[in-house]
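Dear colleague,

I am passing a structure on to you together with some notes on its architecture and side-chain contacts. Please look through the structure before you read the notes.

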Amino acid sequence: MQIWIDADACPKVIKEILFRTAERRRIVLTLVANKQMAFPASAWIRFVLVPAGADVADQEIVRLLTAGDLVITADIPLAADVIEKEGHALDPRGDFFSAENIRERLSVRNFMDELRSNGVETGGPASFSAKDKQAFANQLDRFLARQR
């Protein structure tokens, strides 16, 4: 199993948790982004730079992942593609996407996107909090414990 990060929008504190996890558990972790970013030198941490463009990083993650891999993303369409390839998708706020909830989440996302395209103010997600960081760390630990 590998861990993939949709790294362009992933909060720095979540990346730091993942860097430590990769080292401690000796799991290959790959950041995928369309711009260079800092990451620690490690035999377990890799970086894939993709060209700029809509969904290019997402497409590369889907192309490279194998069944059972974990993808860290808040991108619901990417999560749907990951689940379709029998991977696991975890939101940086600690919510797992699953075959049971992905259709509903896609529907809500598409509805909100339609509202925004029609000029309706929908607001954005709440600010990332310490509670979100803790929820993510807890879910990651539980997931990895089940993978042994």
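This is a predicted model: local features need pLDDT of at least 70, side-chain atom pairs count only at pLDDT 80 or more; totals for chains, interfaces and linings use all residues.

Residues are numbered from 1 along each chain as its sequence is written, and side-chain values use heavy atoms, with hydrogens and water left out.

To begin with the sheet: it is open and has 6 strands in the order β3-β2-β1-β4-β5-β6, with mixed pairing, where helices (H or I, at least four residues) and strands (E, at least two) are DSSP runs numbered from the N terminus, and two strands pair if DSSP finds at least two bridges between them. Its edge strands, β3 and β6 (96–97), each pair on one side only. Strand β1 is joined to β2 by 4 bridges and to β4 by 3 bridges, running parallel to β2 and also parallel to β4. Isoleucine 3 has leucine 29 as its bridge partner in β2 and leucine 70 as its bridge partner in β4. Both faces of β1 are covered, with Ile3 and Ile5 buried on one side and Trp4 and Asp6 buried on the other; here buried means under 20% relative accessible area, exposed over 50%, and partly exposed in between (1.4 Å probe, protein chains only).

Isoleucine 72 stands opposite leucine 90 in β5, and beyond its neighbours within four places in sequence its contacts (heavy atoms within 4.5 Å) include Ile14, Leu18, Leu90 and Phe136.

As for α2, its buried residues are Ala57, Asp58, Glu60, Ile61 and Val62, and what covers the buried residues of this helix includes β1, β2, β3, β4 and α3 (76–84).

Turning to charged pairs, the count comes to 3 salt bridges, each defined by a side-chain nitrogen of Lys or Arg within 4 Å of a carboxyl oxygen of Asp or Glu. In helix α1, glutamate 16 and lysine 12 lie 4 residues apart, about one turn of the helix, and their closest N and O atoms are 4.0 Å apart; glutamate 16 is partly exposed at 30% relative accessibility, whereas lysine 12 is exposed at 61%. In helix α2, glutamate 60 and arginine 63 lie 3 residues apart and form a salt bridge with a closest N and O separation of 2.8 Å. The remaining pair is aspartate 132 and arginine 93, whose side chains meet at 2.8 Å, N to O. Because aspartate 132 lies in helix α5 and arginine 93 in the loop between β5 and β6, this pair ties together parts that are 39 residues apart in sequence.
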